[in-house]
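Here is a briefing on the fold and a few of its local details. Please look through the sequence and the 3D structure first.

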Amino acid sequence: MKKLLILGILSSYIKQDKYEIIKSDNKGYKIYNDILQYRPDFCIIHYNSLNGYYPLFSMILDRPNTKIIYVTPVMELGMLQSFIDNPYFFVLDEKHIFAIEEIIYSMEKYIAKIELLANKLNEANYKLNEEKMVKKAKIILMKHKLNEDEAYKTILKIAMDLRISKLEAAKKILEKYDEK
């Protein structure tokens with residue numbers, strides 16, 4: 001069950017049986033302590049309940065996996081500009097408050113896609129780094145009278161013998177020959 005930390009008059013727009021609702025008061029330190037204690041999936045904040053606490057948004061967004069939906073009648077882009085591009089922050093026009101559950105669902109799907117793409121990017125970067133390191137290690141081994149195939153097989157053998165990745169084996173070769 002998703003946890004929602006709600007500030008202001010918004011709980012009447014949320015199905016009580018669908019979410020665990022945590023109500024907080026409008027003091028910045030209390031809100032942040034509630035976030036640390038309850039670890040909500042979403043912070044839903046009504047503009048009337050949070051006057052002048054924009055620095056709190058930065059603190060909340062620094063916490064992993066806490067998303068903010070800020071409900072306001074006016075698009076306050078000036079103060080909010082630094083948060084607008086953050087996928088964990090959504091400004092909801094107050095006249096569309098009835099759609100808050102759809103916003104929650106859409107944010108979760110969007111963030112899941114972003115996280116999936118970030119994981120794929122990390123994997124691709126790891127593989128690219130591994131290929132670069134293995135290539136450098138092969139070049140070093142080839143300078144010591146091995147052909148390319150023998151150099152690659154040597155890296156694989158080191159990796160298997162030591163039960164480490166090709167990347168780690170390549171790093172060991174680079175470390176060994178860099179010291180000389």
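This is a predicted model: local features need pLDDT of at least 70, side-chain atom pairs count only at pLDDT 80 or more; totals for chains, interfaces and linings use all residues.

Residues are numbered from 1 along each chain as its sequence is written, and side-chain values use heavy atoms, with hydrogens and water left out.

**Sheet**

- An open sheet holds 5 strands in the order β2-β1-β3-β4-β5, with parallel pairing.
- The edges are β2 (19-23) and β5 (89-93); each has a single partner strand, so one side of each has no neighbour in the sheet.
- From one strand to the next, the twist averages 20°.
- Strands are DSSP runs of E with at least two residues, helices are runs of H or I with at least four, and both are numbered from the N terminus.
- Two strands pair if DSSP finds at least two bridges between them.
- Strand β4 (residues 67-72) pairs with β5 in the parallel sense over 5 bridges.
- Val71 stands opposite Leu92 in β5.

**Thr72**

- Thr72 is found in strand β4.
- Thr72 counts as buried, at 1% relative accessibility. The classes are buried under 20% relative accessible area, exposed over 50% and partly exposed in between, with a 1.4 Å probe and protein chains only.
- Beyond its neighbours within four places in sequence, Thr72 is in contact (heavy atoms within 4.5 Å) with Tyr47, Val91, Leu92, Asp93 and Glu94.

**Helices**

- Helix α4 (residues 100-143) lies across β1 (2-7), β2, β3 (42-46), β4 and β5, and runs at about 145° to β4.
- Axes are lines fitted to C-alpha atoms, for helices over the stretch in contact; angles run from 0 to 180 degrees between N-to-C directions.
- The axes of α5 (residues 148-162) and α6 (residues 166-178) come within 8 Å and cross at roughly 110°.
- The pair α5 and α6 is therefore roughly perpendicular; that class spans 65 to 115 degrees, with under 35 roughly parallel, over 145 roughly antiparallel and the rest oblique.
- Tyr152, Ile155, Leu156, Ile158, Ala159 and Leu162 in α5 meet Lys166, Ala169, Ala170, Lys172 and Ile173 in α6.

**Loop residues with positive phi**

- Arg39 is not a glycine, yet has a positive phi of about 50°. Arg39 lies in the loop between α1 (28-38) and β3, and counts as exposed at 56% relative accessibility.
- Lys145, also not a glycine, has a positive phi of about 75°. Lys145 lies in the loop between α4 and α5, and counts as exposed at 75% relative accessibility.
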